[in-house]
Amino acid sequence: HGLKGVDTLKITVIGAGYVGLVSGVCFAELGHEVTCIDNVEQKIKQLNQGEVPIYELGLQPLIADNMEKGTLAFSTELASSVKQADVVIIAVGTPSLPNGQANLSYIEQAAKEIGMALSGYTVIVTKSTVPVGTNEKVRAIIAQHTDEEFDVASVPEFLREGTAVMDTMNPDRIIIGTDSQRAEERLIELHHSLTSNIIVTDIRSAEMIKYASNAFLATKISFINEIANICEKVGADVTQVAHGMGYDKRIGSSFLKAGIGYGGSCFPKDTQALIQIAGQMDYDFKLLKSVVEVNREQRLNIIHKLESLLEGLKGRTIAVWGLAFKPETDDVREAPAFEIIAALRERGAFVKAYDPIAAPNFEAQYGSDGIAYCEDAREAAWQADALCILTEWGEFQQVSPSEIQEWLKSPYLIDGRNVYDQDQLAGTQLVYYSVGRPGMN
Ligand code: NAD
């Protein structure tokens, strides 16, 4: 056993979710022999039948191609695949525990199973986002179960849902955190065709780079949201402010879009986890705590605006466009829509919701009490007392504000994502509130 050929590596990916499935498929596309393992049988069955359990642009054809070529397989059998592998990639979930710490039970379980199956020198890569020190824990767990040679490495993942395949094929950088020369060489070989920005660090720094990056991006979002709140008070327009700021290379224009705050499976959990990591070392991460607090309050601004416009929400019908935490994904984990819809329901409103893709996932988690899931944007808006836009899906921009005015019972449009240019509203009677921009009518 050992490295089988210089160019083709045998790779086992554990966890066929957003990260594991996409990176497995992309490594297969690069010519490696990949097996994606998941312990949810239904998921593997679906994948083997050619169905893709998540919505991700460009993923389906890549899966079909590589299955046909024989470079990609799906299985629930971890042990037989790990035995053959040159590289094992852990991509299982690390969700929040109630106290905000990362739940490492899936990682620990995977490490144990890897240890029991290992055969011949293997590099074990953790791609899941894990607290500093976790890779060393993974090493210790594996070592308890095997005498075979192996090394661990932290290779955090930075893909964005919605553009996951593109991001994986064209990453800004690859971080390889390891203390082994042998593992470093093998992982450089695996990644060198993707980017020239390969940064090798120690294991703990690699683990920290992931949390620090997400915390920084979350900070940018909360920062611009607070600027937006001040803009509303002083009569400035946050989109113009952000545009003007973004030209400064030290600031950059991305992640300066004001709105109802961040959601998703990463920022909320990773900010909480980093606050906990710091706290365990008796460090009070004040800045990041405020970022989280600002984000929580930002979601509810939309409710305050609605309440003041409609003079109470009891008995009102509110249309909601967008349930996914961002466009181009069916992922609803930590989507602002949950809290906003719950707040509407608490105040006695009835909700008509539409999302191009994410409604089934949302319904599976939220249920259907007091909420009707609609077939299209028009049906949701039809005869509603107000419309709230919670996700900036491209198709919403295609609807003209005058159509919205026709569909609604009363002319209230609350745009939580600044989807419309205010010029587009001119000539309508819509009362338009967005985030950090002067209100209209
Ligand atoms: P996910 O929930 O979509 O996928 C995890 C998968 O692992 C699930 O399918 C689950 O069934 C499987 N699994 C769990 N334990 C297993 C085991 N013992 N054996 C086999 N399969 C097992 O999660 P995700 O969104 O892909 O995230 C995975 C990790 O990557 C997390 O740590 C996350 O923070 C990180 N990450 C996610 C993203 C993202 O955009 N989703 C981006 C960067 C990093």
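**Sheet, helix packing and ligand shell**

D38 lies in the loop that joins β2 (33-37) to α2 (41-48); helices (H or I, at least four residues) and strands (E, at least two) are DSSP runs, numbered from the N terminus. The model is predicted: local features need pLDDT of at least 70, side-chain atom pairs count only at pLDDT 80 or more, and totals for chains, interfaces and linings use all residues. Residue numbers start from 1 along each chain as its sequence is written.

D38 is one of the positions that UniProt, in an unreviewed entry, lists under "binding site". UniProt positions follow the numbering used here, feature names are shortened, and annotations may be inferred rather than shown by experiment.

The ligand is surrounded by 26 residues, counted as near if the C-beta atom, placed from the backbone, lies within 6 Å of it. G15, G17, V19, S128 and T129 are the closest. Helices α1 (18-29) and α5 (105-117) each supply at least two residues of this shell. By class, the shell holds 12 nonpolar, 10 polar and 4 charged residues. Here Ala, Val, Leu, Ile, Met, Phe, Trp, Tyr, Cys and Pro count as nonpolar, Asp, Glu, Lys and Arg as charged, and the others, Gly among them, as polar.

An open sheet is formed by 6 strands, in the order β11-β10-β9-β12-β13-β14, with parallel pairing. Two strands pair if DSSP finds at least two bridges between them. At the edges, β11 (371-373) and β14 (431-433) each pair on one side only. From one strand to the next, the twist averages 20°. Strands β9 (residues 317-321) and β10 (residues 350-354) are joined in the parallel sense over 5 bridges. A319 stands opposite K352 in β10.

Helix α12 (residues 286-310) packs on the sheet and touches β9, β12 (386-389), β13 (412-415) and β14. Its direction makes about 165° with that of β13. Axes are lines fitted to C-alpha atoms, for helices over the stretch in contact, and angles run from 0 to 180 degrees between N-to-C directions. Contact requires C-beta atoms, placed from the backbone, to lie within 7 Å.

Helix α12 also packs against α13 (residues 336-346), at an angle of about 35° and with the axes 10 Å apart. From α12, the contact uses R299, L300, I302 and I303; from α13, P336, E339, I340, A343 and L344. These residues divide into 7 nonpolar, no polar and 2 charged.

Definitions and conventions:
Two residues are in contact if their C-beta atoms, placed from the backbone, lie within 7 Å.
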